[in-house]
Each structure stands twice: as structure tokens, then as C-alpha cells.
Amino acid sequence: MSTATKRSIQAWNRCISLPQRSTTPRHLKSTHALFIVHSLHHNNYAISKLLDAFCAISNCLSHASMIFNHIETPNSYIYNTLIRAYARSSSPPRALHYFTLMLDKAELEPDNHTFHFVLVACANTRLVDYASKALSVFNSMLGSGFEFDEFCVTTALTACANLGSFSQGKWIHEYVKRRKGFEFDVFVGTALVDMYGKCGCIDMAVEAFEKLPKRNLFSWAAMIRAFAIHGFARSAINCLERMQVDDGLKPDGVVLLGVLMACTHAGLLEEGKHFLTNMEEKYRVAPKHEHYSCVVDLLCRTGRLNEALELIRSMPMKPLASVWGALLNSCRTHKNVSLAELAVKELLQFDEREKNGALVQLSNIYLTERKSDEACRIRRMIGDRGLKKIQGCSIIEVDGVVNEFVSGDVSHPKLAQIHAVLGLLSDRF
């Protein structure tokens, strides 16, 4: 082997190892420059190593996209790298952009990894259109004879849960039953429990849970959360005891949050306070902000507004918008103007979305209490700032079709019939 060849191999090995050792954007950009100097940016294997490193750093995805744009013939691995990175980022729709490029422009064959990341992107977007897109991708690939693995099935069920699509979720369950071993996979089974719970079928959630031969913390958390959603607080508390006795598992913060949610929805004030007070001593789990927020909500729902304020003041961390929002919501119900003003003062320190909703609520509270001058002052403030309240949205599945309703939207094709039924219900009740 000639000296020049040896040097070339050494330079190659050195460059290939650099991305793994680069931990900052600055180092990675220097490595990218070195790749260009040695013409390694034309080699798909080498550039994939660099892309992996850029995608591992959240604020470097734009640079990763720039590198991708200069690759002449990206392979499946490179596409999957970007799809995976964006699926887990704050911009999951970009993953779908690269998936479309992969299919249409590159004409590459997607694999199990590709579809898993695409489904994750759709599920993480948490919008009806993208959840529907996830299920559309799933259905089209099944129709073409593609066999999904447990990860893809789990992600598709998660999309059904987020969308509230019971019929689609049940259809996927039937697919799971036909695949040997799938129904007893702990992750698929847990996704089934979560899907049925969120789609309003608590009995089917329980059935899926009890069929699991092996359960982990996520399984118990999903079952407890399902009981919480449906108001079965005692069943949720019973699950907390069962997981320790039956499976020898110690509850974590997620499980205990589910129990607190159950207490909140069922109005079990003393039980909720007891769990929060004894979390650290009994379960070795330090309460986090979400645990305090849940109990604040519970106190507010039961009319203990002053006690809720005391708990907020005693929190070991800075109270976030969720606790002040819970207090403000209850102030309207219980007609407590002074506490509402305090809650709004705190909420105005957060982002625009919190400010908008807080000021609108305070204006409504003033109107309820016949303080029209104060209500007008707040309305003028909203107008001067150009603030707009975020529109409410609800989703319902009818005959297998998911319908989304946005506040103020009049585009639904059956709007007249819906209003007619609502009118009949109003007259009747």
C-alpha cells in the first residue's frame, strides 16, 4: 500500500470519527467544512454520519436540512434520519415533507422505520388533519400488503387515541388479533388500553388490560388514567394498590398523577390531599408542579378557593399558568372577583395565549357581577393590544367519520341539521 493511500485512509477514518466527537453546533460546522475540503460531502455514508450528529442537537435541524439539500442522491437511511429527527422535534410536519420527497422525488421504498417515524410525526402534531393523515398512511400501507411491526401499530393506536377514532382503533385491534403475539405485546396492549380509555370505552380498556400477560408502569398508568377520565376514582386507587401487590411495581410520578386526576374528577378532596401530602414519604416520589396543579384544581372544583391559594403560595417551585388558570376558572363559578383579579395579574406574566384568555375571563366575571365599567375597561385593553382569544375546538366521531368543530366556524356541511337538533334539545331541557 502506497504512502498516499495510507494517508487517504487515515484522513477518511479521522473525518468519519469527528461527528461523533463533536458536541456543539460550532464543532459540527467545522467538521462539515472539513468534509467539504476532503470531498466527503459527496459520499452518502460519510454525510449520513454528519447528519446523524446534526440531528442529535435540536437547534441544528435547519443546518441538517441545508446539508440534505446539497446531497445529489439521498438514500433511504438519510431520508429516515431527517424524518425521525423532525418527527420528534417542535416541527413534526417537516417529517411529512421529507416523506413526500422520498416517495415522489426519490422514488425510494419506505421501510418499517420510515412508517414508524411518519406515524410518530402525525401523532405528535396533535391536530386532526395530521392524526387522520397518520391513519391514512397506515391504511394505505396495509392495503398494499405491508406488514407493520409492533412499533408502527402502537403509534397508529396512539393516533386513534388522540383523534378519538374508536372505529379505526377497533379495526386496528382486529388486525392485532390476527398477528401472532401482537395482542400480548406490552406496548401494543398498553396502547389499546389508552385508546379505548380515550375513546370512551372503559369496559374494553379493562378487557385489554386484563389480557396482558405482563404489565409495566406504562400499562398501569394507562389503566389508571382511563379510570380517571371516566370518573372511577375508587377503581384508579385500587389499581395503585394492585400494581404493588400483583406485579411488585412501585408507582412513579406519572402513575400518581393519574390517581390525583381521578380524585379531581370524582371530587375526592381528602383522598387527593392525602396522596399529595404523603407522596414522598410513602412512595419516594417528590411532588412536581403537575401534582400540585392537580390538587389546586381539586380544591377549586370543591369551592376551597382560599385553601387553593394557600397551596399555590406554598409550592416549592414557581407556579405556572395551569394553577392560576384553575383558580381563575373557579372564581367565575364561585363569583370571587378579588381572587380573579389576583389570578389574572399572575397570568399576565406568561405568554400571549394565557394573557388573552385571562383578560376575556376577567371581563366576563365583571359582567356577571354587574361591574360593567370594569368589563368595558378590560375590553378596551384587549382591543388596544390587538389580543384574540384562542378558538375552542372539539372532536367527535360519528359513523366512523371524525368531525372537528371550531368556535365560530360555519363550514360544516350539516350545520343546519346540527343547529336544528340543538334547538330541539334547548326547547326540551
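In the predicted model, L192, V193, Y196 and G197 of helix α11 meet I202, M204, A205, A208 and F209 of helix α12. The residues of this contact divide into eight nonpolar, one polar and no charged. Helix α11 spans residues 186–198 and helix α12 spans residues 202–211; the two pack at an angle of about 170°, with their axes 7 Å apart. Since angles over 145 degrees count as roughly antiparallel, α11 and α12 are therefore described as roughly antiparallel to each other.

The protein as a whole contains 23 helices and two strands. Of its 429 residues, 45% are buried. Among the contacts with a separation of 6 or more, 58% are accounted for by residues 24 or more positions apart.

On the side of α17, the contact is made by H289, S293, V296, D297, C300 and R301. On the side of α19, the contributing residues are S322, V323, A326, L327, S330 and H334. The residues of the contact of α17 with α19 divide into five nonpolar, five polar and two charged.

Helix α17 also holds E290. With a relative accessibility of 37%, E290 counts as partly exposed. The C-alpha atom of E290 is separated by 7.4 Å from that of L257, although the two residues are 33 residues apart along the chain.

R284 is located in the loop between α16 (269–283) and α17, and K335 in the loop between α19 and α20. Most residues other than glycine have a negative phi. R284, however, has a positive phi of about 60° although it is not a glycine, and K335, likewise not a glycine, has a positive phi of about 55°. R284 is exposed, with a relative accessible area of 68%. K335 is also exposed, its relative accessible area being 54%.

Helix α20 (residues 337–347) contains A340. A340 has 0% relative accessibility and therefore counts as buried. When residues up to four places away in sequence are not counted, A340 touches L328, C331, L362 and I365. As for I365, it lies 25 residues from A340 in sequence, and the C-alpha to C-alpha distance between them is 8.1 Å.

Aromatic rings were examined next. A pair of aromatic rings is described by the distance of the centres and the angle of the planes. A search of the whole structure finds six aromatic pairs. In one of them, the rings of F68 and Y98 have their centres 5.0 Å apart and their planes at 85°, so this pair is edge-to-face. The pair links distant parts of the chain, with F68 in helix α4 (residues 61–69) and Y98 in helix α6 (residues 93–104), 30 residues apart. F68 has a relative accessibility of 6% and counts as buried; Y98, with a relative accessibility of 1%, also counts as buried.

Y98 takes part in another pair with Y86: the ring centres are 5.8 Å apart and the planes are at 25°, so the pair is stacked. Y86 lies in helix α5 (residues 76–87) and Y98 in helix α6, so the pair ties together parts that are twelve residues apart in sequence. Both Y86 and Y98 are buried. Ring pairs link F68, Y79, Y86 and Y98 into a cluster.

Terms used: Residues are numbered from 1 along each chain as its sequence is written. This is a predicted model: local features need pLDDT of at least 70, side-chain atom pairs count only at pLDDT 80 or more; totals for chains, interfaces and linings use all residues. Side-chain values use heavy atoms; hydrogens and water are left out. Contact means heavy atoms within 4.5 Å. Helices (H or I, at least four residues) and strands (E, at least two) are DSSP runs, numbered from the N terminus. Ala, Val, Leu, Ile, Met, Phe, Trp, Tyr, Cys and Pro count as nonpolar, Asp, Glu, Lys and Arg as charged, and the others, Gly among them, as polar. Buried means under 20% relative accessible area, exposed over 50%, partly exposed in between (1.4 Å probe, protein chains only). Rings of Phe, Tyr and Trp (its six-membered ring) pair if their centres lie within 6.5 Å; planes under 30 degrees apart count as stacked, over 60 as edge-to-face and the rest as tilted. Axes are lines fitted to C-alpha atoms, for helices over the stretch in contact, and angles run from 0 to 180 degrees between N-to-C directions. Angles under 35 degrees count as roughly parallel, over 145 as roughly antiparallel, 65 to 115 as roughly perpendicular and the rest as oblique.
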